[in-house]
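Let's take a quick walk through this fold, one piece at a time. Keep the viewer open while you read.

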Amino acid sequence: MLQQGGDMKRRTFSAGLAALPFLGPSLTRAFAQDAAASLPKTYSGQKIRALASTGAVWESMATISREFTDATGIAVEYVNLSYNEQYQKLILDLTSGAGSFDVFNFAYQWKYEIEPYSTDLSKIPTEIPGAPDLALDDYPKRALDIYGRVNDKLVGLPTIGDVTLFVWNKAAYEAAGLDPAAAPQTWDEVAERGAKLVGNGQFGYAMPAGKGIQTTVTWILIFKSMGGEYFDASGAPTFGSEAGVKTMKFLVEKLAPVSPPGNLTWDFPEMFNSLSTGQSAQSMMWPGAFGDLLNPRTSQVSDKIAWSPTPQASLLGGWAMGVNDASRAKDAAKLYVAWLTSPDIVRRMGLSGGAPARISALKDPELVKQAPNRPAVLAGLQGDVAEYPPIKEAEQIHIMIYDEVNAAVAKIKTPEQAAGDLQGKVESFMRRRGYLKT
């Protein structure tokens, strides 16, 4: 999420996916014509405005949508904005009831904030005759729940599937006497292997510790592996719990010593560069980076890497599309969302460089040949999944996390102090926002 502003932060990077190969327009048009052939013309003459971020994936959505227009007579206009601009525009539009956008892509962290203004998409099969089957059982259940459900309401259908992966350098493993075919199963094992990989200018792990979202991502992955939960049964934050302290200590005492110096300013670009140049032999990585990581023109380790889901749990990224309940073309918008997320179109988007969340697409032989990391993405989506803090102000908590991790790794604070200060910051914030009464 790319809160993650910046040129190559995780959200924008996953959205770009620019390095994946693209098919020619004639082939992709053929897929679209098949998928659109049976759509109804009930709403012909209406117009849909769609809000999305910037990047190749969303631009390709706009391109594909021309086929929807040809089949239904419904015009589709995309408005593409940067991550922060999109968030601000969306919340203003929804809360004001202006209805400027009929459909919108959203990061799942926003779903609690948009839920009151969103249509329940689960009713599309009975409300919109001729709409494509939603095929909800074609998504990993936990991923669908995180992407699009708020309680029993389906507020979004996945448009981009994204999950953390773990990457290691097989040549470096062999040189260190490690099995290059065996993925680490725990974060303790990552650290143990990392210690064996350090030497001759090489480091054991590319840990980001800067004030950026990838530092928060790393903290979340370790926190989850330590059994951490964001909140207790009463809704009180538990970021400074025993698991929270263990997480800070692991980052400071286990991962930092095997990571390159200077990582106190690192975010995604530095992680990628360290891994792709062979400086670091292990790293967490997002699927959108694999096009460059497997390209010998952009990676010195393109033929040396192996990958798997991140140990113990994977952090879910990704986006979904919802329908504005105040839309003046709501039924046409529902038809559009059902079409855009239908299996045939998702497959086509995958062939065009997209990041599918559907099981059928992630297993599709042609898509796997195009992007061989897709089975690992599916395994991650179907495994134990971590998510960002499930409150609408999650981005504010992300900042608190990376601030405290940065201070701990820089040894400005002890791990215990950083964990305690993080707990205090989250408690204070939640009290100000009315989540906590005392």
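## The strands

Strand β7 (residues 165–169) and β8 run antiparallel, with four bridges joining them. This is a predicted model, by the way.

Now for the whole sheet. The sheet is open and has three strands, in the order β8-β7-β9, and the pairing is antiparallel. Out at the edges sit β8 (282–285) and β9 (305–309), each of which pairs on one side only. Going from one strand to the next, the twist averages 25°.

## A helix across the sheet

Next up is helix α18, residues 374–382, which lies across β7 and β9. Its direction relative to β9 is about 25°.

Over to another pair: helix α10 (residues 213–225) packs against helix α19 (residues 394–409). Their axes are 8 Å apart, and the packing angle is about 85°. Since angles of 65 to 115 degrees count as roughly perpendicular, that makes α10 roughly perpendicular to α19.

Which residues in α10 and α19 meet? From α10 come I213, T215, T216 and W219, and they meet H398, I401, Y402 and V405 in α19. Sorted by type, the residues of this contact between α10 and α19 come out as five nonpolar and three polar, with no charged ones.

Key. Residues are numbered from 1 along each chain as its sequence is written. This is a predicted model: local features need pLDDT of at least 70, side-chain atom pairs count only at pLDDT 80 or more; totals for chains, interfaces and linings use all residues. Side-chain values use heavy atoms; hydrogens and water are left out. Axes are lines fitted to C-alpha atoms, for helices over the stretch in contact, and angles run from 0 to 180 degrees between N-to-C directions. Helices (H or I, at least four residues) and strands (E, at least two) are DSSP runs, numbered from the N terminus. Angles under 35 degrees count as roughly parallel, over 145 as roughly antiparallel, 65 to 115 as roughly perpendicular and the rest as oblique. Contact means heavy atoms within 4.5 Å. Ala, Val, Leu, Ile, Met, Phe, Trp, Tyr, Cys and Pro count as nonpolar, Asp, Glu, Lys and Arg as charged, and the others, Gly among them, as polar. Two strands pair if DSSP finds at least two bridges between them.
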